[in-house]
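Welcome, and please open the structure in your viewer. We will walk through it stop by stop, with something to select at each one.

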Amino acid sequence: MNKELFLLAHCKGVSQQLLRKIMSVDPTLKLFFHLKDHEWESYFQLKKEKIQAIKKEYHSLSFLALEKQYKKDNIMFLSLYDKAYPPLLKEISDPPPFLFYKGDIELSHSPQSIGVVGTRNPSQYGRFALEYIIKPLILNNWVIVSGLAKGIDTLAHTLSINQKGKTIAVIAGGFYHLYPKQNQPLAEQIMTSHLILSEHPPETPPQKWHFPMRNRLISGLSKGTIIIQAQKRSGSLITAQQALEQNREVFAVPGSIFDEYCGGTNELIQNGAKLVQDVSHIIEEFPGIKMLINETKERKKC
């Protein structure tokens, strides 16, 4: 464990962008505190006051105290340099330098992982479509990755658990501020037998800008991402865009032209996302992976 990186990850004055810059200049993080102020300013474009604030905060932190607290709360942590770090996540352009997690980190190494995102207010059609398309994947040992949000995220995690599959939840804040609160029981289930990940220290409350950050991890942990019901200004479309930037597959379930919650997904299809009407439309994009079980029910009429 790189203790310097661990402590820097807890400094509120150090953004992930700055931390990546520091790591690019000094990958071992053994020299950066020996830099003079003018060198900090030259390398990182920081003002002297900011530099002093970061140094003060860094020296106020205790690795042993934080480690003891996290051990007590069953919160694990790993850095980008650790072997257990999710391999797919390492491939994206901006992987988190540090991850905090509860559960089975081996799930993030699965060769069969798929992201599932969509509206927080799914219709009956959205619920039926999710089960129809996702259930066969779960039965074939695909790990379902989502964001623990209301709606489609919750349904995807719950279906995975009920079908005795595996799921990964990526949260926007830290473990001491799980959001939304009504999903606390679901989060507890996932922590016990599945996996929850965060790129933020546990005491970090979720902020508005954390959600797009979280979305890039959902797509980054996945071979592809399925969007089920999304409005034209939905955060799910951000996830789709991030998946494209990460060179991952984007799948969209079509919907009625009269349903505002399908406007975004229909637009994705118009712009080149793969239209998905059946699980086979997903599997055929991964020729090395075969479906051993193909349990799909007749499509329900809505």
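The tour starts with the whole chain and then moves to single places.

**Stop 1: the whole chain.** Keep in mind that this is a predicted model. Show the protein chain as a cartoon: there are 13 helices and nine strands to find. Among contacts with a separation of 6 or more, 72% are between residues 24 or more positions apart.

**Stop 2: the cores.** Select Phe6 and Ile168 next. These two have the most contacts inside the largest nonpolar core, which has 67 residues. Which helix gives this core its largest share? Colour residues 3-9 to see: that is helix α1, which supplies five residues. Now select Ile114, Ile152, Val253 and Ile289, which belong to a second, separate core of 24 residues.

**Stop 3: a pair of helices.** Colour residues 16-25, helix α2, and residues 37-44, helix α3. Two packed helices are described by the angle between their axes and the distance between the axes. Here the angle is about 110 degrees and the axes are 11 Å apart, so α2 is roughly perpendicular to α3. Show the side chains where they meet: Leu18, Lys21, Ile22 and Val25 come from α2, while Trp40, Tyr43 and Phe44 come from α3. By class, this contact has six nonpolar residues, one charged residue and no polar ones.

**Stop 4: a cis peptide bond.** Move to the loop between β5 (166-170) and α9 (184-193), where you will find Pro180. The peptide bond leading from Tyr179 to Pro180 is cis, with omega near -5 degrees.

**Stop 5: two positive phi angles.** Select Asn141, in the loop between α7 (124-139) and β4 (143-146). Although Asn141 is not a glycine, its phi is positive, at about 70 degrees. Then select Leu148, in the loop between β4 and α8 (152-162). Leu148 is not a glycine either, and has a positive phi of about 65 degrees.

Technical notes: Residues numbered from 1 in each chain as written. Predicted model: local features only at pLDDT ≥ 70, side-chain atom pairs only at ≥ 80, totals over all residues. Heavy atoms only, no water. Axes fitted to C-alpha atoms, helices over the stretch in contact; angles between N-to-C directions. Helix = DSSP H or I, 4+ residues; strand = E, 2+ residues; numbered from the N terminus. Parallel < 35°, antiparallel > 145°, perpendicular 65-115°, else oblique. Contact = heavy atoms within 4.5 Å. Nonpolar A, V, L, I, M, F, W, Y, C, P; charged D, E, K, R; others polar. Core = buried A, V, L, I, M, F, W, Y, C linked by side-chain atoms within 4.5 Å. Buried < 20%, exposed > 50% of the residue type's maximum accessible area, 1.4 Å probe, protein only.
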